[in-house]
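These notes go point by point through the chain shown below. Please keep the sequence and the model open while reading.

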Amino acid sequence: MTGTRHDVRFYVGNEYHTLADIAPTRTLLDWLREDRGLTGTKEGCNEGDCGACTVLVVRLEGDRLVWRAVNACIQFVAMLDGAQVLTIEDMRAPDGSLHPVQQAMVDQHGSQCGFCTPGFVMSMVAGRKADGLAQGEHGIDDMLAGNLCRCTGYAPIVRAMRQAMQAGPDHFDAMAQDMADRLRRLRDGATVDISGPTGRLTIPATADALASTLLASPDARIVAGATDVGLWVTKGLRVLPHIVPIGGIADLRRIERGPDALYIGAAVTWQEARAALTEILPQPDDEVIRRIGSVQVRNAGTVCGNIANGSPIGDGPPVLIAAGARLHLRRGDVRRTIALEDFFIDYGRQDRAPGEFVEGVSIPVPGPQTVIRAWKISKRFDQDISAILGAFSLTITPDGTIENARVAFGGMAATPRRASRTEAALVGRKWDETTLEAARQAIAQDFAPITDMRASDWYRRTVAANLLTRLYADCGPDAARAPISVRTACKAAGEHAHG
Ligand SMILES: Cc1cc2nc3c(=O)[nH]c(=O)nc-3n(C[C@H](O)[C@H](O)[C@H](O)COP(=O)(O)OP(=O)(O)OC[C@H]3O[C@@H](n4cnc5c(N)ncnc54)[C@H](O)[C@@H]3O)c2cc1C
Ligand code: FES
Ligand code: FES
């Protein structure tokens, strides 16, 4: 079927649901607990921070089952159209035995009061299912960074995860074919349109359908991953009369690596874009992306949502601006492309007309002489919003002259912004200590930051200048080719959330 249908269809565990009268911004957590009585999924913070509400969302992408841990408190039920949700109630095998992750939590004493435990178990199951997520030096820490425990302590939980990673297959492996067949049957290419007393929901099937919907209803609210919008509802108690989830639109889910640029569509999440972005934005490692929220947040939140929300402290925009990204906007059939920095006009104001939407962003592939670095400065290593984020792209000729410089900061102004005076102090100069000092002086002219709960204006100015020094230490002429890792620095200061 193509055309339009007037219900949302998905599975919870093995139960099929079709909802025709769902309130557009009913959260998955409230629906599970209050409408379905599935109270194993807990409510802690209701804002995506604690992970107590973690559930698994399984989707069919191509022919592959993709498992993602998400925070149910900031997902709207409507966003699950076409998916299978698994909660803690689904973790026991049909014969009643515990899931290997649950068994590992028992064996390693990973649960005390138990409130956080369902959320941890779901993140750990997701870690087993997602290729590579729990691997590498920081794998398990990263995988669990979105789950907080206030009584057990993290060491037994990390031990449980190590044990669970060694365990054999679980009952879902035996069910994989059935799950895929079932999800395949839900694919009907239809646009969903539901209107009721609590508002309207439109889930366009294609980017063209999205363009028409927004032309007809320019006040409708696009919802990509809802990691910002969800909080407007749960914490801001905002009423959104018409929402338009775009996460399932195939045309907006493209990641394309060409010879000159990487294109990321509007529905691509941070987790999905991570590998491709890391490849073209070489840094000491992919630390900035790894530190955007948590696995749950990166599994839902999109790169383009991070741009479209216009936040002065979003982590993506300064990095992408420094890299020379261009933003693709569409209104009806009219498309335009602008430099990303030009999108941000002022606090809360972006260059986006009514009915227009972000279709994607493209990032040039840097040449061999270009170095890109970015550092996020926040009070905690994991799950924290930046006080400042400095991003730098320098093209340096073999004789050590800076041919091109793009410097962008978040947290230093009302929008993410380039540091034009700093750039002028760098371009055409030898990359040496005299130039570094001139750049440090210039940055004080570029920004007049504010003092707020995250940092004082003095701190921001001092750190911004010091990040230039760090850039020099990391990729100046005398740089030992062993980059300084922010993680190492933060760990030394005892700031890692899982200590
Ligand atoms: C616990 C937690 C931790 C977080 N940590 C970080 C962090 O470390 N760093 C960081 O930068 N952010 C962080 N965020 C914020 C958020 O996750 C990111 O900004 C994310 O990328 C937003 O994407 P989204 O798809 O969820 O946007 P949504 O919430 O779906 O949308 C955000 C805004 O953009 C608009 N929008 C979305 N897509 C489009 C489009 N294609 N065209 C036009 N408008 C559009 C929406 O209408 C809305 O106004 C965090 C959030 C939470 C809840
Ligand atoms: S309840 Fe805390 S993340 Fe959802
Ligand atoms: S076991 Fe009590 S909060 Fe984790």
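1. Helices (H or I, at least four residues) and strands (E, at least two) are DSSP runs, numbered from the N terminus. Counted this way, the chain has 18 helices and 21 strands. The model is predicted: local features need pLDDT of at least 70, side-chain atom pairs count only at pLDDT 80 or more, and totals for chains, interfaces and linings use all residues. Residues are numbered from 1 along each chain as its sequence is written, chains are lettered from A and ligands numbered from 1 in the order in which they are written, and side-chain values use heavy atoms, with hydrogens and water left out.

2. Overall dimensions. The C-alpha trace spans about 70 × 55 × 40 Å along its principal axes. The radius of gyration is taken over C-alpha atoms, and the globule rule is 2.2 Å times the number of residues to the power 0.38. For 499 residues the rule puts a compact globule near 23 Å, and the chain agrees because its own value is 23 Å.

3. Burial and contacts. A residue is buried under 20% relative accessible area, exposed over 50%, and partly exposed in between (1.4 Å probe, protein chains only). Of the 499 residues, 57% are buried. Contact means heavy atoms within 4.5 Å. Among contacts with a separation of 6 or more, 65% join residues 24 or more positions apart.

4. Charge. Lys and Arg count as positive and Asp and Glu as negative, while His and the chain ends are not counted. The place of a charge is NZ of Lys, CZ of Arg, CG of Asp or CD of Glu. There are 55 positive and 59 negative side chains, with the centres of the two sets 2 Å apart.

5. The loop between strand 18 and strand 19. Ser386 lies in this loop, between residues 370-377 and 388-396. Is Ser386 buried or exposed? Ser386 is buried, because its relative accessibility is 2%. Its side chain makes a polar contact of 2.5 Å with the side chain of Asp315. A polar contact is a pair of N or O atoms within 3.5 Å; within protein, one must be able to donate a hydrogen and the other to accept it, and residues adjacent in sequence count only if both atoms are side-chain atoms. Leaving out residues up to four places away in sequence, Ser386 touches several residues, including Ile313, Lys376 and Arg454. Gln383 is in the loop between strand 18 and strand 19 and is buried at 11% relative accessibility.

6. Positive phi. Most residues other than glycine have a negative phi. Gln383 is not a glycine, yet has a positive phi of about 50 degrees. Leu237, also not a glycine, has a positive phi of about 50 degrees. Leu237 sits in the loop between helix 8 (229-234) and strand 10 (242-245) and, at 67% relative accessibility, is exposed.

7. Asn147. This residue is in the loop between helix 4 (139-144) and helix 5 (154-166). Asn147 is buried, with 1% relative accessibility. Its side chain and that of Ser123 are joined by a polar contact of 2.7 Å. Which residue lies 96 residues from Asn147 along the chain, with the C-alpha atoms separated by 4.3 Å? That residue is Gly51.

8. Arg461. Helix 17 (residues 457-475) contains Arg461, which is partly exposed at 34% relative accessibility. Not counting residues up to four places away in sequence, Arg461 touches Met412 and Pro449.
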